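Thanks for asking me to look at this one.

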Amino acid sequence: MALRNIRVDEDVILRKRSREVEKITSNILTLVDDMIETMHEADGVGLAAPQVGILKRIIIVDIGEGPIALINPEIIKKNGEQIGSEGCLSVPGTYGEVKRPQTIIVEGLNLQGEKIQIKAEDFLARAFCHEIDHLNGILFTDKVIRYMED
Ligand code: NI
């Protein structure tokens, strides 16, 4: 495993759309391992591949219950709404309130290439939505209702 550089601020790669993963190769598995290590080292709760410079549809989420990796994730159902504070490893030092669905069902591939669905609510739903936005070149700052003071 190795740490990868996290792209920040105006890096143009953060604004590009990531491509679907067609095959889960050993390179993809290494990338996922590196992303988990990089996210934990940076004290983050999620990371998307474009944040380490790779335009592939891969996300990691860990809200303290262990890392979940999802390949080609898609939100197939959402319900309700919640407003809460977010930050991002790619936008250091900035925090703001963002409106997200209260519950979602996200579908994607696990590392074995099997299609899985995860039902998420509250903060976990927020984390998935934030990371999936990264795959479409969207940053949470695009959606902030109100910035928080440090
Ligand atoms: Ni982020």
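1. Which residues coordinate the nickel ion? They are Cys88 through SG, His130 through NE2 and His134 through NE2, at 2.1 to 2.2 Å. Donors here are N, O and S atoms within 2.8 Å of the metal (3.2 Å for Na, K and Ca), and water is not among the atoms, so sites may look incomplete.

2. A word on the ground rules. This is a predicted model, in which local features need pLDDT of at least 70 and side-chain atom pairs count only at pLDDT 80 or more, while totals for chains, interfaces and linings use all residues. Residues are numbered from 1 along each chain as its sequence is written, and side-chain values use heavy atoms, with hydrogens and water left out.

3. Along the sequence, the donor residues follow the spacing C-x41-H-x3-H. Helices (H or I, at least four residues) and strands (E, at least two) are DSSP runs, numbered from the N terminus. Cys88 counts as buried because its relative accessibility is 11%, and His134 counts as buried at 1%. The cut-offs are under 20% relative accessible area for buried, over 50% for exposed, and partly exposed in between (1.4 Å probe, protein chains only).

4. Helix α2 deserves a look of its own. Of the 14 residues in α2, 12 are buried, including Phe128, Cys129, His130 and His134. After the helix comes Gly137, with a positive phi near 75°.

5. Asp122, in helix α2, has a positive phi of about 50° although it is not a glycine. Asp122 counts as partly exposed because its relative accessibility is 36%. Asp9, in the segment before α1 (26–41), also has a positive phi, near 55°, and is a residue other than glycine. At 39% relative accessibility, Asp9 counts as partly exposed.

6. Now the nonpolar interior. In soluble globular proteins, nonpolar side chains tend to be buried together. The largest nonpolar core has 15 residues, and those with the most contacts inside it are Ile59, Leu70, Ile104, Val106, Ala120 and Phe128. Such a core is a set of buried Ala, Val, Leu, Ile, Met, Phe, Trp, Tyr and Cys residues joined through side-chain atoms within 4.5 Å. At least two of its residues come from each of β2 (58–61), β6 (103–109), β7 (115–121) and α2, and α2 gives the largest share, 7 residues. Apart from this core lies another, of 14 residues, among them Val21, Ile28, Val52 and Ala69.

7. Leaving aside neighbours within four places in sequence, Ile59 is in contact (heavy atoms within 4.5 Å) with residues including Met35, Leu47, Leu70, Phe128, Ile132 and Leu135.

8. Strands pair if DSSP finds at least two bridges between them. β4 and β5 share 5 bridges, and Ile83 has Lys99 in β5 as its bridge partner.

9. Finally, β3 (68–79) pairs in the antiparallel sense with β2 over 4 bridges and with β6 over 6 bridges. Val61 stands opposite Ile68 in β3, and Lys77 opposite Ile105 in β6. The β2 and β3 hairpin has 6 residues between its strands, and Gly64 in the turn has a positive phi of about 105°.
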